[in-house]
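These are my notebook entries on a few local features that I looked up. I began with the backbone and then turned to one helix.

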Amino acid sequence: MIRVRESHRSQWIVIAIMIAMSHPSSSWADDPKSAATVPTNVRARVGVDYASRLLRSANPDERIRGIERAASIGTPQAVGLLARAAEKGSDSSAARSDPRALIALARALCLFADQESARTALFAIVTSAHAGSTRRPSTSRAGEALNDEEGDSVARVELARQTAAIGIARSGVDRALEQLYGIAKGAGTGQSAAIVALLASPPRAPGLLGKPGDPPVSLSVLRMLRELGDLRAIDVVRTATHASDVDVQAAALVSLAELGDHRAITLAQTSLTHADARLRAAAGEALVTLTAPQRFKAVVALIEDEATTSAGVHLAERVSSPDVTKALVARAASHPDRSIRVACIHALGRSTDPDAAKALAAIVANPELAYDAALALARSPAPNAGAQIASLARKPLPSGGALGVRAYVVRALVRGDRDRTTDRMLEEFARSNDGSVRALGIFARVAFEERSVEDALGDRDPRVRRAVAMGSLARWQRLSKSSVRALLLAANTETDLVTRQLFAVGLLNGDPDGIVTTRSLIDRVEGGGADMALAAYAFARRADASTERKVQALLAGKDPVLRAHAARGLGAATLPDASGRLAAAYAYETDVNVRRAIIAALAARTDDASSPARKATLETAARLDPDGPARSAAQRALEGSEQPFGMPLVTETAWLHITRSDGAPPRSAYAGAMVGGEGFAIPMAFDEEGFAIVPGLVPGQSRLILAPRLPPYEPAAR
């Protein structure tokens, strides 16, 4: 709605404006007959003329409003205005130097990508260099500073390029797709954006990806064609195997194999004796990818060749044979580079060969490599790995006591491989007078769901109480209300800082019963500890008129982990304009995990299904987000899904080890947070020996943030 500051006598004018804006395709505002009957001061506030004025404004927020207004009008004049704004040197091209306006302009033009003028403008955004904005950040409606500095300008310009490229690809116009593919094949500005777009909307016309006889494509295009998996590209990829650039040859050989062309086997066999190590490594990878009979011999040769050892060890993770095992064991025992020795151990841990498990059990006796070998054995698919671990758990180890027992616990959580004798040992550990030993036993019993959280939290030793919190992560998605309540209440009286932070695992369900006070949540957010992000999540779920400014500051803060948690919290908040705030946050967000969190939050707000901001944002994300999972999730949300990213069918367990710079253990508990695939920052802690077993993680990449080194919460400038 447009606010018109007139006296009461102008009430009819407001009604007329509302009617006109409800029919954006109408040219009423530009009709001379209509203009003659409408006061001039109102006409200046509507239509293409007003949008043009806004686009020429020195105020960046007014320029964005001008873009949005022109897009909502949608007439040829309005589209032309948007197209001119993308041109360098036009009177309305100030938007080009403003990354936020550039994103808005790209999204607006994508609405009209079926028109040639709009596509030309979108290409201008994709291929042109844009200077980042140096202005001071503008302010949001509540007065908080927007996150528009410190590197965001570069990321936002790239987001605008990707958006523009996706809009071009979605147009389906063959000539436009051909031009986009030309940008992808080049090495200039816009190449990465063009590749993202072509992966999102692959060309449909045959021959658009190239034809035999075309010059060899670049490395980046080969990677795109490999990821695209389009069999129409086989001839183009095969041509690249004869390129003069060895890197292109190698990438083409691997891409040809991944496209399933068995002609790559002959090429690979020829390349195995090539003088260049890069091509020999690519040949081995092609043979492994196509499961060629020669793959075992090729991998062994790569491992034994000093120039290709690293590549061969990497490939050994995908093949298992006695000869490969022998080659890995030899390198693990004698190679001067520790990273190569560790890589060999990891490859042995992927092998189904029983001799690989025996070799790992022997390597555990080496203090320098004991943890790496035990970890590999804990996850090994070899049929005798469980027995090897059970044997290790019953003998003292030079690395400091319970390494074999930890490996057993990890294997039991990951593979469900249990041993009665070791289970009885853990029961004894749980009754030990030694707090560190008791902690390991209690952790296992809680993680195996053989002891309740409530019962175990009463232990006098903080190491044991930490173990209880860590063990509860194995079932955090199905923790009983009594267990959650026990964890959150215990935090109120806990005197040990690290232990108190770990009790925040009870906040993973958002604390809908309000067990933790709002003041305590704010203190945790401002404390910068391992519980900071979950506290922000629970705090945002309670957003109301009294806390909206603090929640908005978190949503617009510098740290993407906190932004994501605040967004997730708003998904369950009763704040009337929560969907609008989430939509505003999505508009210029460059971090993919934050955008995913915003989409998940908007999907959960089914009570706001009629909200224009919610619907428009989900539609934009479904069409134009550069992230494939985000696009799919937004589409599912539009179809009514409240959990568009789905729920994991299985969980993973991480076993981590940390040391000081001199290689010694930390000597005291050290807290951190694991940010997993589901987006939550889960509090965890290393024990005095530097070990941490973190169960209940969603499969996929996770990253560790050590506390208290999380960026402290900074209230926005008032």
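**Backbone and helix notes**

I note at the outset that the model is predicted.

Entry 1. I began with D511, which counts as buried because its relative accessibility is 4%, where the cut-off for buried is under 20%. I located D511 in the loop between α30 (497-502) and α31 (518-527). I then looked up its phi, which is near 50°, a positive value in a residue other than glycine. I recorded this because most residues other than glycine have a negative phi.

Entry 2. I turned to T291, another residue other than glycine with a positive phi, near 45°. I found T291 in the loop between α16 (277-289) and α17 (295-304). T291 counts as exposed, because its relative accessibility is 52% and exposed means over 50%.

Entry 3. I next examined helix α38 (residues 628-638) and listed its buried residues: A630, R631, A633, A634 and A637. Why do they lie on the same side of α38? I found that they cover an arc of only 165° around the axis, so they are placed on the same side of the helix.

Entry 4. I asked which helices the buried residues of α38 pack against. I noted α9 (152-171), α11 (191-200), α36 (592-604) and α37 (612-624).

Entry 5. At the start of α38, I found a side-chain oxygen of D627 within 2.9 Å of the backbone nitrogen of A630. After α38 comes G640, for which I noted a positive phi, near 110°.

Technical notes. Residues numbered from 1 in each chain as written. Predicted model: local features only at pLDDT ≥ 70, side-chain atom pairs only at ≥ 80, totals over all residues. Heavy atoms only, no water. Helix = DSSP H or I, 4+ residues; strand = E, 2+ residues; numbered from the N terminus. Buried < 20%, exposed > 50% of the residue type's maximum accessible area, 1.4 Å probe, protein only. Arc of directions from axis to C-beta. Contact = heavy atoms within 4.5 Å. Polar contact = N/O pair within 3.5 Å; in protein donor to acceptor, adjacent residues only side chain to side chain.
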